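The following exercises are to be worked with the sequence and the structure at hand. Each task is followed by a solution in steps.

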Amino acid sequence: MPARSPLKKKSRGGELAGVQRLMLQAIGRPLMPDEGMQRAWIDGSATADVAAKFIKPNDRLTSFERLQIYNQQYWWRLLASFAEDYPGLRAVVGQRKFDRLANTYIESCGSTSWTMRNLGRHLESFLRTHPELITPHEGLAVDVARVEWARVIAFDDPEKPRLQPEQIGAAPADKLRISLQPYISLLELSHPVDELLLKLKESEIETGAFSNAVSSDRPRRRMRLTAHPSRKPIHLAIHRHELSVYYKRLEPEAFLLLTALRGGASLETACAQAFADSKALPETNAAKVQQWFVTWMQLGWLCR
């Protein structure tokens with residue numbers, strides 16, 4: 001059997017790539033309000049005519065209906081994943097606004113990764129540039145979205161070998177550089193998001209525990225989250241310990257110290273930056289640092 005010419009291979013490869021691009025374009029288009037596929041194509045022609053060019057009908061479904069299945073499954077999977085990662089944001093803005101937000105965000109930012117965990121990586125910046133989608137809860141909504149994305153990181157990001165006590169004493173403080181585990185996020189917040197999300201979780205657990213006793217005809221009201229801004233900034237570390245995600249509040253100086261260490265500062269420089277405005281005695285601050293490091297070492301936060 002004679003070998004195919006390179007030109008023929010290239011032609012067939014180009015044709016396949018064109019079909020793949022068309023397929024991706026089709027399934028990536030937002031669904032209609034009735035959750036069906038849009039009937040008009042981008043140029044105004046009938047989507048059914050476009051579908052017929054690269055999908056055959058069968059004895060039960062037209063080309064349009066077959067393509068619609070992929071379009072629906074793509075969007076339903078993304079929307080479900082987004083809702084699963086951001087229950088707190090939904091509880092802040094309400095179900096109707098959340099649905100509009102989810103559709104707009106996915107249409108704008110989409111999924112560009114092989115893993116669903118990255119779907120919300122651009123959400124914070126998106127919310128800041130589209131405040132109309134979360135009004136009148138802009139501040140709280142952004143804070144909640146930041147924490148919920150940090151929770152994804154805490155659950156899924158890798159862990160480096162933990163810092164050992166003997167490694168701390170192996171170098172002078174002005175040379176010693178310590179880093180934080182990749183899964184830890186340090187956030188300065190204006191709202192008590194940790195308390196709100198724990199409250200939401202407890203409510204969902206309670207609702208689930210008694211769901212069998214509630215009539216299925218009675219619609220379940222979703223909990224709404226609301227809070228006024230705190231008088232002082234809240235410093236929060238989102239981390240994992242023994243395969244569970246936790247929130248830990250930090251003193252302002254501890255937050256500054258950890259932030260400086262993550263930024264590459266030496267231990268001596270990080271301590272100086274953290275306590276630059278402190279009026280406490282040096283020995284008092286030194287005792288604080290010692291206790292913090294005991295806790296952080298036990299939690300496995302520190303690495304090299």
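A residue is termed buried under 20% relative accessible area, exposed over 50%, and partly exposed in between (1.4 Å probe, protein chains only). The model is a predicted one, in which local features need pLDDT of at least 70 and side-chain atom pairs count only at pLDDT 80 or more, while totals for chains, interfaces and linings use all residues. Residues are numbered from 1 along each chain as its sequence is written, and side-chain values use heavy atoms, with hydrogens and water left out.

**Exercise 1. Asn118**

Determine whether Asn118 counts as buried or exposed, and state which side chains make polar contacts with the side chain of Asn118.

Step 1. Locate the residue: Asn118 lies in the loop between helix H5 (95-109) and helix H6 (123-129). Helices (H or I, at least four residues) and strands (E, at least two) are DSSP runs, numbered from the N terminus.

Step 2. Apply the cut-off: Asn118 counts as buried because its relative accessibility is 12%.

Step 3. List the polar contacts. A polar contact is a pair of N or O atoms within 3.5 Å; within protein, one must be able to donate a hydrogen and the other to accept it, and residues adjacent in sequence count only if both atoms are side-chain atoms. The side chain of Asn118 has such a contact with the side chain of Ser113 at 2.9 Å, and another with the side chain of Arg117 at 2.7 Å.

Step 4. Leaving aside residues up to four places away in sequence, Asn118 touches Ser113 and Trp149.

**Exercise 2. Backbone features in loops**

Identify the phi of Glu35 and of Leu243, and state which peptide bond is cis, with omega near 5 degrees.

Step 1. Glu35, in the loop between helix H1 (6-27) and helix H2 (47-54), has a positive phi of about 70 degrees although it is not a glycine. Its relative accessibility is 41%, so Glu35 counts as partly exposed.

Step 2. Leu243 is found in the loop between E3 and strand E4 (244-249). Its phi is positive, near 70 degrees, again in a residue other than glycine. Leu243 counts as exposed because its relative accessibility is 76%.

Step 3. The cis peptide bond runs from Thr135 to Pro136. Pro136 belongs to the loop between H6 and helix H7 (138-156).

**Exercise 3. The sheet**

Step 1. Count the bridges; two strands pair if DSSP finds at least two bridges between them. Strand E2 (residues 185-189) and strand E3 (residues 234-241) run antiparallel and are joined by five bridges, with Ser185 opposite Ile238. E3 and E4 are also antiparallel, over six bridges, and His239 has Tyr246 in E4 as its bridge partner.

Step 2. Examine the turn: E3 and E4 form a hairpin with two residues between them, and Glu242 in the turn has a positive phi of about 55 degrees.

Step 3. Axes are lines fitted to C-alpha atoms, for helices over the stretch in contact, and angles run from 0 to 180 degrees between N-to-C directions. Four of the five residues of E2 are buried.

**Exercise 4. H10 and H12**

Describe how H10 and H12 cross and which residues meet.

Step 1. The axes of H10 and helix H12 (residues 282-299) come within 11 Å and cross at roughly 65 degrees.

Step 2. Glu253, Ala254, Leu257, Leu258 and Leu261 of H10 meet Val289, Trp292, Phe293 and Trp296 of H12.

Step 3. Classify these residues: eight are nonpolar, none polar and one charged. Here Ala, Val, Leu, Ile, Met, Phe, Trp, Tyr, Cys and Pro count as nonpolar, Asp, Glu, Lys and Arg as charged, and the others, Gly among them, as polar.

How values were computed:
Contact = heavy atoms within 4.5 Å.
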